[in-house]
Amino acid sequence: MTHRIDPLKAPMQDHKSALPRAVRLEQALDNAAGHLTTNHGLVLSDNHNSLKAGDRGPTLLEDFILREKITHFDHERIPERVVHARGAGAHGYFEVYGNEEALTRAAFLCTPRQRTPVFARFSTVAGSRGSADTVRDARGFAVKFYTEEGNYDLVGNNIPVFFIQDAIKFPDLVHALKPEPHHGMPQAASAHDTFWDFVTLMPESLHMLMWVMSDRGLPRSLRMMEGFGVHTFRFINARGASHFVKFHWKPLLGVHALLWDEAQAIAGQDPDFHRRDLWDAIERGDFPEWELGVQVVPEDDAPGLGLDLLDPTKLIPEEQVPVRRIGRMVLNRNPDNFFAETEQAAFHPGHLVPGIDFSNDPLLQGRLFSYTDTQLSRLGGPNFHELPINRSQCPMHNFQRDGLHRQDIGSGRVAYEPNTLDNGDEFRVDGRTFEPVGMTGFTSHAEPLASPKQRGRSASFEDHFSQARLFWISQSVHEQAHLVAAFQFELSKLSGSAIRQRMVDLLAWVDADLAEQVASPLGVGPPDRATAAAWPGFRDWPVAEGLVPSPALSMLPLRPMGIATRTVAMLISEGVHAASVAAMRQALAAERAYCTLVAPTLGDVTASDGSRLQPQATLTNTSSLMFDGVFLPAVATGPDDLCRHPMAQVFVAQAYQHGKTLAASGSGTQLLSLGSGLSRPAAGWLLQPSPGVVVSDADVLSVNFTAAFVAGLAQHRHWQRTEGQAPQQAA
Ligand code: HDE
């Protein structure tokens, strides 16, 4: 018995069927009922009418079919995650390049090229399940490795440090960040009083604040962001030797961001922008890929690092300890069912395999309790490990049993150990037998401990400003401008000036120029370090002298990136120059980039050679926000209708304001000029009148023209063009 209602799909899909539409629909309805059953297998005869007293009478309470269906529906929602509620996931695999046995005995890291299945989930932190993807926030980056030694979860973020140093502050942080409790606003935003009230009283949050206010808080795509394990972990090898390790995910497509104005507008036009991008890329076969990198620190070297590895508000600059790439993750399959997989996935930083262990980072230690605890209420009991997405793919055997929603049927009478009654009759699930794969089992690293009990923090956690400053001085001019604008925007949303003033006073400890720039449009007094230093809880720890910028902290590519999977809108109308359309399509396809034909309507467009082009989107159902670049080909026959279309001008104007790559040829330059305000080119030349704008007065595209456009796209954005807008965002 199948539960698929294939006949219902037929009339939608097969619109050229010979049967009249009404007949097909009727047939579909009849067929459908015969394919459906109740949850208990009873075949339905009618899935459209409840049981009534007569055809116009009241519905009968007896209708158990109606009641079962509606009761199930009433309970379809489960509580959303208390943080990281909105996410998107995908399946794939991880393969290690070499044998890492010198560092770890984790089997999945010791068998070169062995593929370990993974499920990855990316998320925003603050927003509810139905909020928008492109809000300013950190992003969760959680990966479940289904290894032969059990599930290993690397539950990280796209930012390498965290707001707080001790888990006991997490509920306070999240309460401050989430919508304010009295009116439940704002959704998915940190730009409100309670968040800034809290962080200005917790100077340890400054380093992460710098990251969230930077372009890292606005990823262009989930496929284009880094991931970090954040905490320091340990690798343990077969001899029991321990090394500290920090985990990194490096995306092969580079690290790229949206502009704030763009991100806000996308949140309205397509709240699913990131999850759609991930889904579409995987459906197309453009499988996103990250390399797993490790920074390894021998235990003896830790004291000489100049930072405390247990402090989650600190990173190890990559220039100090290089990131070695040891394997890759490829995401190549979308979930079949969002709820069953992405929503029910239960990650836990305490899901370890032998060879990987914790450090004493007090934030990590608190997380080890929290994740199972939250799943108990979110997934309805202690058996969430039996859900298909959470099940280990290696054999599992213990004497835990019963509980809400238990699915496995255990058999046997001896469900405890030690015992003397086990004569093959031991309690087992599904008859599976457990064959340990030649390993000695997980042992915690035997770190010697002899400490008094105390509530407190090591003095080595007290430097709250040096790395915030390191981040600031490592940003390019444009990234710094975006960061300043972000602080200005967020602080401008506060209801009073006291917290604004506190923030700029604190920022003065990071950098005087940064603080002054942020303060300038906010109507507050000059930044004042001394006032900040007088607050309770302030740690007057000297900012490190002679900090050297760390290029790895900037998003500017360290090496040229290609344009694979980037998207270009080609605006076409009647009489468009056919050869230009073909040449640009070809040039983009050669780089594995994509082109969408956008026109005033979805009707076919007749090109200059008489061929018919089918637009994929219209000027009103999409916008340049959805694309990385825009091409305005010449109209070779007749007038260029697009020049008179107001939405075409908006399309171009927004692309120009957002620093996107634009190209125009022939009559297309007129639309470019109307949208961007750039003057039209003189005859007979090819040049870039503004960074990332390629124009030619000829209809025909030269190889240089398409090459210049591709090179412009590879720059991602031309931030110089957006500069003038940044300060206005705070207004
Ligand atoms: Fe989480 N975090 N977290 N977190 N976290 C959760 O677990 C928590 C922290 C992270 O896609 C919750 O199953 C505490 C740091 C990700 O399902 C919860 C503390 C980092 C996800 C929880 C932290 C993270 C979560 C909510 C401070 C980066 C989404 C639902 C001690 C290294 C996983 C759930 C997914 C989710 C607790 C701090 C990453 C409540 C107590 C630091 C990516 O258990």
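**Note on the predicted model**

1. Start with Ser 623. In this predicted model, Ser 623 sits in the loop between β17 (617-618) and β18 (629-632). Its relative accessibility is 8%, so Ser 623 counts as buried. Leaving aside residues up to four places away in sequence, Ser 623 touches Gln 269, Phe 651 and Gln 654.

2. Next, the iron site. The iron atom of the ligand has a single donor from the protein: the OH of Tyr 371, 1.9 Å away. Tyr 371 belongs to helix α10 (residues 362-378).

3. Now a helix pair. The axes of α6 (residues 206-213) and α12 (residues 477-492) come within 8 Å and cross at roughly 100 degrees. That angle lies between 65 and 115 degrees, which means α6 is roughly perpendicular to α12. From α6, Leu 209, Met 210 and Met 213 take part; they meet His 482, Leu 483, Ala 486, Phe 487 and Glu 490 of α12. By class, this contact has six nonpolar residues, one polar and one charged.

4. On to the largest nonpolar core. It holds 59 residues, and Trp 196, Met 210, Phe 487, Leu 507, Val 510 and Val 518 touch the most other members. Several helices each supply at least two of its residues, including α4 (170-177), α5 (193-201), α6 and α12. The largest share, eight residues, comes from α13.

5. Look closely at Val 510. Not counting residues up to four places away in sequence, Val 510 touches Leu 206, Met 210, Phe 465, Ala 468, Arg 469 and Trp 472.

6. Another core, of 36 residues, lies apart from the largest one. Among its members are Leu 154, Trp 290, Val 294 and Leu 331.

Terms used
Residues numbered from 1 in each chain as written. Predicted model: local features only at pLDDT ≥ 70, side-chain atom pairs only at ≥ 80, totals over all residues. Heavy atoms only, no water. Axes fitted to C-alpha atoms, helices over the stretch in contact; angles between N-to-C directions. Helix = DSSP H or I, 4+ residues; strand = E, 2+ residues; numbered from the N terminus. Parallel < 35°, antiparallel > 145°, perpendicular 65-115°, else oblique. Contact = heavy atoms within 4.5 Å. Nonpolar A, V, L, I, M, F, W, Y, C, P; charged D, E, K, R; others polar. Donors = N, O, S within 2.8 Å, 3.2 Å for Na, K, Ca; no water. Buried < 20%, exposed > 50% of the residue type's maximum accessible area, 1.4 Å probe, protein only. Core = buried A, V, L, I, M, F, W, Y, C linked by side-chain atoms within 4.5 Å.
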